[in-house]
Amino acid sequence: MFQNEKQNLESIIKELSKVISKLLVLVVFLLGLVVILVITSINGLPEIFKKRPANEAKIDIPKIEDKNKEVEKTADMWVAPDTSDILKEANKDVIYYGYKLISNTAYYLGPKGKVASMSNGMNCQNCHLNAGTKPFGNNYGGVASTYPKFRERSGRIENIHKRVNDCFERSLNGKTLDTLGKEMQAIVAYIKWLGKDVTKGKKPTGSGITELTYMDRAANPAHGKEIYMQKCKSCHTETGAGKLNADGLTYQYPPLWGEHSYNNGAGLYRLSRFAGYIKSNMPQGVSYDNPQLSDEEAWDVAAFVNSQTRPKKDLHLDWPKISGKPIDNPFGPYADNFSEQQHKFGPFKPIEQAKKTLGKNK
Ligand code: HEC
Ligand code: HEC
């Protein structure tokens with residue numbers, strides 16, 4: 001009997017110690033888990049566990065403005081501040097008015113504008129997409145940080161106001177805004193707000209327009225016409241005149257040539273600006289990391305569209321120093337011996353090469 005009880009007790013103790021050792025393992029495991037959780041909540045998850053935004057993972061450090069020393073090459077794309085945060089700013093009314101002027105310019109300042117009639121009916125955001133926030137959508141990410149700056153076209157130091165008025169006179173084929181007026185103050189406040197987090201002097205990655213490499217041949221307007229008919233005509237129409245909204249004030253599809261389009265002094269009239277712009281943004285809906293046109297198609301469509309008629313501006317005061325003209329400026333005289341035709345359609349590589357040599361010999 002006694003013997004039996006002793007045996008029982010021993011087996012109970014054995015069982016107990018088994019259970020205890022299992023419990024110990026569990027406790028150690030749980031402790032470990034707690035330690036890991038505490039560490040990651042302080043330091044954040046290790047890089048490999050983070051879900052990267054779809055865009056970022058694919059970035060191959062895009063090449064922008066390669067002649068422009070201000071560019072800082074990083075893998076981080078400029079991301080515009082959230083426009084709903086405008087409401088947190090002390091001068092929110094001014095900034096918000098600027099936002100509205102840029103996204104709906106025609107309503108305020110177009111041919112039948114509520115405030116003034118001083119531009120062609122296009123909106124700034126027809127070219128500066130999503131109110132100047134889209135990566136490689138000709139956005140304003142690098143404006144607040146780099147202006148005032150010297151510009152070869154005027155031969156002087158320009159502030160943001162002057163640059164905005166340039167687009168009014170050229171891209172919107174219109175008149176200038178009073179620099180001290182409410183509208184200009186609002187536009188500049190909005191552009192500055194967009195770039196408020198960018199380090200002074202830096203042009204962030206993803207700002208402005210995609211820089212395409214030059215082709216070995218000249219751009220071909222005839223081939224460009226075929227592309228236009230396949231991929232652009234459905235919206236911008238066969239005559240290039242675009243399509244107005246039902247309100248008759250603003251465009252559903254903005255014009256690409258003709259009397260209501262940008263004039264021959266506008267940025268898009270340069271082949272590299274047009275080609276780089278459409279590569280990352282057209283047909284509507286594409287993006288820099290998911291383009292639809294090949295580089296060649298982009299250059300050729302650019303050549304076709306910029307061969308059509310459009311308003312002309314008096315440009316005789318532009319480029320006071322001719323050696324400062326960009327390679328694709330289609331109006332002579334030039335510091336080199338290439339023709340206007342070649343400066344308009346390319347091939348651009350020989351011109352680029354000559355420019356480098358010229359620079360070295362100076
Ligand atoms: C037809 C197209 C078009 C329209 C419309 C247009 N712009 Fe522009 N804008 C351009 C192009 C092209 C550039 C030059 C971009 C480059 O060279 O990288 C430019 C440049 C600018 C810049 C300088 C950007 C920089 O990073 O240096 C500012 C500021 C600007 N535009 C403001 C405006 C404002 C404000 C409006 C409306 C009043 C407007 N633009 C309308 C095409 C347009
Ligand atoms: C599905 C319709 C659609 C197609 C197709 C399309 N676009 Fe656009 N395009 C637009 C819209 C809409 C805008 C204005 C964007 C905005 O305001 O947000 C625009 C703007 C533009 C602009 C700048 C504004 C201007 O009028 O100068 C250019 C240049 C342009 N498109 C060229 C092209 C080219 C070239 C093609 C063909 C490769 C093309 N687009 C195909 C709808 C389209």
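Mentor: Helix 5, helix 11 (233–236), helix 12 (271–281) and helix 13 (295–305) each give at least two residues to the shell around ligand 2. Helices here are DSSP runs of H or I with at least four residues, numbered from the N terminus. The model is predicted: local features need pLDDT of at least 70, side-chain atom pairs count only at pLDDT 80 or more, and totals for chains, interfaces and linings use all residues. Residues are numbered from 1 along each chain as its sequence is written, while chains are lettered from A and ligands numbered from 1 in the order in which they are written.

Around ligand 2 there are 24 residues, of which Cys232, Cys235, Pro254, Pro283 and Gln284 come nearest; a residue is near a molecule if its C-beta atom, placed from the backbone, lies within 6 Å of it. By type, the shell holds 17 nonpolar, 6 polar and 1 charged residues. Here Ala, Val, Leu, Ile, Met, Phe, Trp, Tyr, Cys and Pro count as nonpolar, Asp, Glu, Lys and Arg as charged, and the others, Gly among them, as polar. Domain 2 (77–194) and domain 3 (221–361) each provide at least three residues of this shell, the domain bounds coming from an automatic or database domain assignment.

Ligand 1 also has a shell with at least three residues from each of domain 2 and domain 3. Of the 27 residues surrounding ligand 1, the closest include Cys124 and Cys127. Helix 5 (124–127) is among the helices that each supply at least two residues of the shell around ligand 1, and helix 8 gives the largest share, 5 residues.
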